[in-house]
Amino acid sequence: MSDLPAQPLRYLLRLALLLAGLLAIITYYFLAGDEAAQRAAQEGGLIDLSSALGYFICAGLMAIVGGRHVIKHHYPLILSLLLLGMRELDFDKRFSTYGVFKSQTLRSADVSWLEKGLSLAIILAVLWLLVVLIKRYTRPLWSSVWRFEAVSLITGFGCGMLVLARLLDGIARKLSRLNIAFSEHQEILTTITEEVLELGVPLCFILAFFAYYRVYHPGAQQKQMQ
């Protein structure tokens, strides 16, 4: 029982090592040259597939290792992880004419009504899941971050990297509308940074799960006392 307060600190140190590792990967590709960075950042490459695998591993850990308690209380997180993993594998584009989340899917006459209906159903399901996540986790996450609780801090870093990666995705195209030009070199560097950040997201979530299971999961205190 006396070791419990120290557990979160150990996981925060592991988070620091994880962030240092991600920074080291980004630095390596910055120094390795554009060709190496471009190969690493390509769709379906090692980093891309590792990110998807990380989401599936985290979802599996929550469902199998976490057991009924985690499934019952945190099933929205498991579903979200599965969706993020499939998004990394471009499932939303592979089985759709233009992409499930593209407005053109609903507007185009080239898309069947069945595909439009399925796309709309998926969009509504994702929106419902987002609402559930926001209502259920935003306030507890925010309040526990200020108490420096390991699970929330690690999860917060993961969410922050996810948001930052989304902002960097296609940033050259986005900024071109503001007449801000990116060189090919700068575009490659932002792309590899985005890909490495996306890799860090599921790794943070896996670490957060282990921190939760080790410290806060029902039965953790009894295990500590044995």
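**Entry 1: charges over rings.** I take a charge to sit over a ring if NZ of Lys or CZ of Arg is within 6 Å of the ring centre and within 35 degrees of the ring normal. I worked from a predicted model. With that rule I looked up Arg-14 and found its charged end over the ring of Tyr-11, 4.6 Å from the ring's centre. I then noted Lys-116, whose charged end sits over the ring of Trp-113, 4.6 Å from its centre.

**Entry 2: aromatic pairs.** I searched the whole structure and recorded four aromatic pairs. One of them joins Trp-142 and Trp-146 in an edge-to-face arrangement, with 5.6 Å from centre to centre and 80° between the planes. Is Trp-142 buried or exposed? Trp-142 counts as exposed because its relative accessibility is 56%, and exposed means over 50%.

**Entry 3: the nonpolar core.** I turned to the largest nonpolar core, which holds 40 residues. Which of its residues touch the most other members? They are Tyr-11, Ile-47, Leu-81, Ile-154 and Ile-192. I found that several helices each supply at least two residues of this core, among them H1 (6-32), H3 (46-65) and H8 (150-168). Helix H10 (184-216) is also on that list, and H10 gives the largest share, 15 residues.

**Entry 4: Ile-192.** I looked up the contacts of Ile-192, leaving out residues up to four places away in sequence. Ile-192 touches Tyr-29, Phe-30, Ala-37, Ala-40, Ala-41 and Ile-47.

How values were computed: Residues numbered from 1 in each chain as written. Predicted model: local features only at pLDDT ≥ 70, side-chain atom pairs only at ≥ 80, totals over all residues. Heavy atoms only, no water. Phe/Tyr/Trp six-rings, centres within 6.5 Å; stacked < 30°, edge-to-face > 60°. Buried < 20%, exposed > 50% of the residue type's maximum accessible area, 1.4 Å probe, protein only. Core = buried A, V, L, I, M, F, W, Y, C linked by side-chain atoms within 4.5 Å. Helix = DSSP H or I, 4+ residues; strand = E, 2+ residues; numbered from the N terminus. Contact = heavy atoms within 4.5 Å.
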